[in-house]
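Subject: Structure for you to look at

Hello,

Here is the structure I promised to pass on. Please open it beside this email and follow along.

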Amino acid sequence: NTEAFVALTGNSETNILACLAAKRMGVSKTVAEVENIDYIGMAESLDIGTVINKKMIAPSHIYQMMLDADVSNVKCLTFANADVAEFTVPENAKITKNKVKDLGLPKGTTIGGLIRNGEGILVTGDTLIQAGDHVVVFCLSMMIKKIEKYFN
């Protein structure tokens with residue numbers, strides 16, 4: 001009768017197996033700390049729930065602090081060689097000047113969606129992003145610095 005299970009032992013294999021067992025016993029939310037980077041892809045494919053790794057969390061926070069734009073969250077997607085970031089759009093940002101299709105975003109960049117006034121909106125080429133929007137951007141690794149200029 002547990003809603004969530006978190007496995008934080010010092011052993012990646014134990015954490016993965018514990019979360020698998022918890023899932024099989026009906027626990028809907030599980031979190032496994034997996035420090036062995038070689039196991040992360042496998043753990044994610046087993047559908048054990050959330051996989052966390054200190055080595056991947058730290059770079060995301062450092063990256064976030066290095067950006068000049070208002071970024072709520074940055075995640076390095078190690079196995080996809082990509083990053084995902086949530087930007088908050090300020091007044092007069094370059095991204096508010098044209099429709100998405102006319103912005104000239106760098107190749108390898110996708111705006112996945114946005115939240116406006118608490119409502120999720122699917123972004124198309126004809127979407128005009130507004131100040132105050134929270135925009136989720138997917139991009140190839142190391143391109144986030146090029147994208148941030150659209151949010152300043």
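Which residue in β7 stands opposite Ile115? It is Gly120. Before the rest, a word on the source. This is a predicted model, where local features need pLDDT of at least 70, side-chain atom pairs count only at pLDDT 80 or more, and totals for chains, interfaces and linings use all residues. Residues are numbered from 1 along each chain as its sequence is written, and side-chain values use heavy atoms, with hydrogens and water left out.

Strands first. A strand here is a DSSP run (E, at least two residues), numbered from the N terminus. Two strands pair if DSSP finds at least two bridges between them. β6 and β7 are antiparallel and share three bridges. They form a hairpin, with two residues between the strands. β6 also pairs with β8. That pairing is antiparallel too, with six bridges. There, Thr109 stands opposite Cys139 in β8.

Now the turn. Asn117 sits in the loop between β6 and β7. Its phi is positive, about 55°, although Asn117 is not a glycine. Asn117 is also exposed, at a relative accessible area of 80%. For these labels, buried means under 20% relative accessible area, exposed means over 50%, and partly exposed is in between (1.4 Å probe, protein chains only).

Asn92 also has a positive phi, near 60°, and is a residue other than glycine. Asn92 lies in the loop between β5 and β6. Its relative accessible area is 59%, so Asn92 counts as exposed.

Next, charges. Side chains of opposite charge can pair when their charged atoms come close. A salt bridge is a side-chain nitrogen of Lys or Arg within 4 Å of a carboxyl oxygen of Asp or Glu. How many salt bridges does this rule give? The count is two.

One joins Asp126 to Lys101, with the closest N and O atoms 2.8 Å apart. Asp126 is in the loop between β7 (119–121) and β8 (134–140), and Lys101 is in the loop between β5 (82–88) and β6 (109–116), so the pair ties together parts 25 residues apart in sequence. Asp126 is partly exposed, at 47% relative accessible area. Lys101 is exposed, at 53%.

The other joins Asp133 to Arg116, with the closest N and O atoms 2.7 Å apart. Asp133 is in the loop between β7 and β8, while Arg116 is in strand β6, 17 residues away. Are these two residues buried or exposed? Asp133 and Arg116 are both buried.

Best wishes

Definitions and conventions:
Helix = DSSP H or I, 4+ residues; strand = E, 2+ residues; numbered from the N terminus.
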